[in-house]
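The sequence and structure are shown first.

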Amino acid sequence: MRIESITSADVPGGRRVSARLIGEGRYDGPDTLWYETDDAFAADFDPSPELFLLAAAPVAIRYGEPRVRIDVPVCPRFLDGFEQSLRVFHHWDANYRPVPIEASAATLPAWPRVPRRTAAYFSGGVDSLSMLRANRRAFPLDHPGAIVDGLFAFGLHSFDFDGQTPNPERLRAWREQFARMTPFAAATGLTLVPLRTNARTLHPDWHTFKYLGFGPATISMAHAFNRRISDVWIASNGYGVHQAKYSSHPLVDPCFSSGAVEVHHGEPWRLRQEKLDVVGTWDEALEILQVCLMEEPLPPGVVNCGRCEKCLRTMLGLLVVGRLGSAATFPRRDVSIADLRDYSPASDPQGVFSSALVAGLAAAGRTDLASILKRRVAHADRRERRRASLWRRLRRRMRRSRPS
């Protein structure tokens, strides 16, 4: 894969940076990777080579491209760290073979801006809110370690695009959340920075994006703002020491740093319910809390559907801390047995989130919900074990059927 024609151009309401991706193996498009921001931040928006390498190299790995070539100078610290991260991905999954990164022979060491300025990826979800709360307790706003920019991204979810065109309903919901969070940001000393990208569309399926592309594609955005920020934080996903092999991970995220932008993985030890304990006591945060998977577009003004797994799991967690009644972004102030009748902890195969919820609900006197949740988790666990057993048998049969 070659990364060529790196450009920066004004678009209505903002600026777009883009590059052309030319496959040399099996990759056959999309042929353009782009990022956009609004006019207010256009002066700081830079088409850095690190931006495009981070998003494109995992795609090249997925398609077995022989290399990734970019004919501009790249920060040597970034190249070294990024190549280390690709070795980690290969260690986790032998199918993800590292791809050689070929850059201009003239490397260009990057320098952080002075004074230092810190940003974080901010969605209004539990993880980013917990991380911001911890940061506000640790640093005064005039400290260089205080998070003062919140990068709010569109285009990293599976349903954000129809082909190469942003889905209008998804874009409308993203803009609604941006407007909803703006007063909160102003009150907490945070500047919201909008970003849009088509990086997710480069991956053919969610599995490879989750385990190979999500972390690099997300963190790439910070490198577009190397004139504005020197440090960026990305929140952990709440698994604590049970962290799975995932493309945003405390082991690999710092590898995506350059000399200009230092990448930090926030609260890697903290479990999701521990984060919700913090967010649940923050009244202003509960006014913007958005966790919904939004597998179907929600009507205007609706923040969380209250039906999907993530909504129900968060609502149960808020019940544990006695704060669901104060969470205005959810459609109901209680959870019933009927709500959990078909519940399946699809994103919690190890039961890390669910075990804490079962214990918390029982301690809060909601043994009705604790009981059915425990049964639903056990059912999902049995189903997962059967599935894993089937795959093991199939792999053994395939190995036996291979010619010697």
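Contact here means heavy atoms within 4.5 Å. The model is predicted.

Thr 37 is part of strand 3 (residues 32-38). Its relative accessible area is 0%, and buried means under 20%, so Thr 37 counts as buried.

Neighbours within four places in sequence aside, Thr 37 is in contact with Gly 13, Gly 14, Arg 15, Ala 42, Phe 45, Val 193, Pro 194, Leu 195, Arg 196 and Phe 225. Val 193 is 156 residues from Thr 37 in sequence, yet their C-alpha atoms are 7.6 Å apart in space. For Pro 194, the backbone oxygen lies 2.8 Å from a polar atom of the Thr 37 side chain.

## Helix 5

Helix 5 comprises 18 residues (206-223). At 1.5 Å a residue these should span 26 Å, and the end C-alpha atoms are 24 Å apart, which agrees. There is a bend of about 65° at Gly 213, with Pro 216 following within four residues.

At the start of helix 5, a side-chain oxygen of Asp 205 comes to within 3.2 Å of the backbone nitrogen of His 207. Because 14 of its 18 residues are buried, helix 5 is largely enclosed by the rest of the structure.

## Second largest pocket

The second largest pocket has a volume of about 230 Å³. It is lined by 17 residues, of which Met 131, Ala 134, Asn 135, Phe 139 and Trp 233 are the closest to its centre. Two or more lining residues come from each of helix 3 (126-138), strand 11 (231-235) and strand 12 (262-266). Helix 3 gives the most, with 4 residues.

Terms used. Residues are numbered from 1 along each chain as its sequence is written. This is a predicted model: local features need pLDDT of at least 70, side-chain atom pairs count only at pLDDT 80 or more; totals for chains, interfaces and linings use all residues. Side-chain values use heavy atoms; hydrogens and water are left out. The expected span of a helix is 1.5 Å times one less than its number of residues. The bend at a residue is the angle between axes fitted to the seven residues ending there and the seven starting there. Buried means under 20% relative accessible area, exposed over 50%, partly exposed in between (1.4 Å probe, protein chains only). A polar contact is a pair of N or O atoms within 3.5 Å; within protein, one must be able to donate a hydrogen and the other to accept it, and residues adjacent in sequence count only if both atoms are side-chain atoms. On a 1 Å grid over the protein atoms alone, a cavity is a set of points where a 1.4 Å probe fits but cannot get out, and a pocket is an open set with protein on both sides within 12 Å along at least five of seven lines; lining residues have an atom within 4 Å of a point. Grid points are joined across faces, edges and corners, and a volume is the space filled by probe spheres set on the points.
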